[in-house]
Amino acid sequence: MRQLKTGEFFGDTDQILRLDGLTLTDTVYTHPYVDWHYHEHAYFTFILQGAVLEGNRREVFHCLPGSILYHHHQEPHYNVKPEGFTRGFHLELEQHWFRRFDVSSPEGSLHISNPGIKLILYQLFQELKVNDSYSSLSIESLMLLAFDGDNRKPEWMPRLKEILHE
């Protein structure tokens with residue numbers, strides 16, 4: 001089984017940005033089938049255009065534009081791309097990034113449907129494209145927001161719900 005290194009994906013890379021522990025990649029998928037493989041680092045895949053089917057040992061994900069998958073590092077999977085143009089944004093996270101910010105790396109493969117995370121990934125993609133002197137700080141801030149545990153609710157939220165239910 002093949003291990004893909006940082007910034008390596010099956011397709012044509014349009015743009016790559018390497019920061020301290022993070023690598024952002026804009027890739028056009030070109031292979032109709034990619035056999036079992038795994039990646040050196042944990043990463044998010046955000047499908048921007050087209051479609052891809054991705055399977056692992058437990059489940060199969062049918063990804064359309066806006067789909068987000070997260071893979072723990074060394075999580076084996078395969079890909080099937082239907083005919084047509086498919087483009088994905090990838091965000092790789094090295095282990096030292098997790099340690100530096102005291103963030104835990106989720107295990108396995110996850111399909112993420114949280115609209116807040118989707119918005120953050122759109123903003124991260126925008127920062128990849130802008131890539132100015134503030135992008136590094138913006139990207140780290142957005143990443144910390146994405147991993148903000150349980151997306152903490154304000155302390156007054158439970159009381160407000162209680163009042164509304166009464």
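Predicted model: local features only at pLDDT ≥ 70, side-chain atom pairs only at ≥ 80, totals over all residues.
**Stop 1: the open sheet.** Start with strands E1, E4, E9, E6 and E7, and colour them in that order. These five strands form an open sheet, and their pairing is mixed. Select residues 2-4 for strand E1 and residues 60-63 for strand E7. Each of these two strands has a single partner strand and stands at an edge, so one side of each has no neighbour in the sheet. From one strand to the next, the twist averages 35°.

**Stop 2: the E6 and E7 pair.** Next select residues 52-55, which make up strand E6. Strand E6 pairs with E7 over four bridges, in the antiparallel sense. To find a point where the two strands face each other, pick Gly-55 and look across to E7, where Val-60 stands opposite.

**Stop 3: strand E8 and its partners.** Now move to residues 68-71, strand E8. Which strand is joined to E8 through residues 42-49? That is strand E5, which runs antiparallel to E8 and is joined to E8 by four bridges. Show Phe-44 and Tyr-70 together: Phe-44 stands opposite Tyr-70 in E8.

Then select residues 109-112, strand E11. Four bridges join E11 to E8, and these two strands also run antiparallel. Here Ile-68 has Ile-112 in E11 as its bridge partner.

**Stop 4: the side chains of E8.** Stay on E8 and show the side chains. In a regular strand, side chains alternate between the two faces of the sheet. Ile-68 and Tyr-70 point one way, while Leu-69 and His-71 point the other way. Are these four residues buried or exposed? All of them are buried.

Definitions and conventions. Residues numbered from 1 in each chain as written. Heavy atoms only, no water. Pairing = 2+ DSSP bridges. Axes fitted to C-alpha atoms, helices over the stretch in contact; angles between N-to-C directions. Buried < 20%, exposed > 50% of the residue type's maximum accessible area, 1.4 Å probe, protein only.
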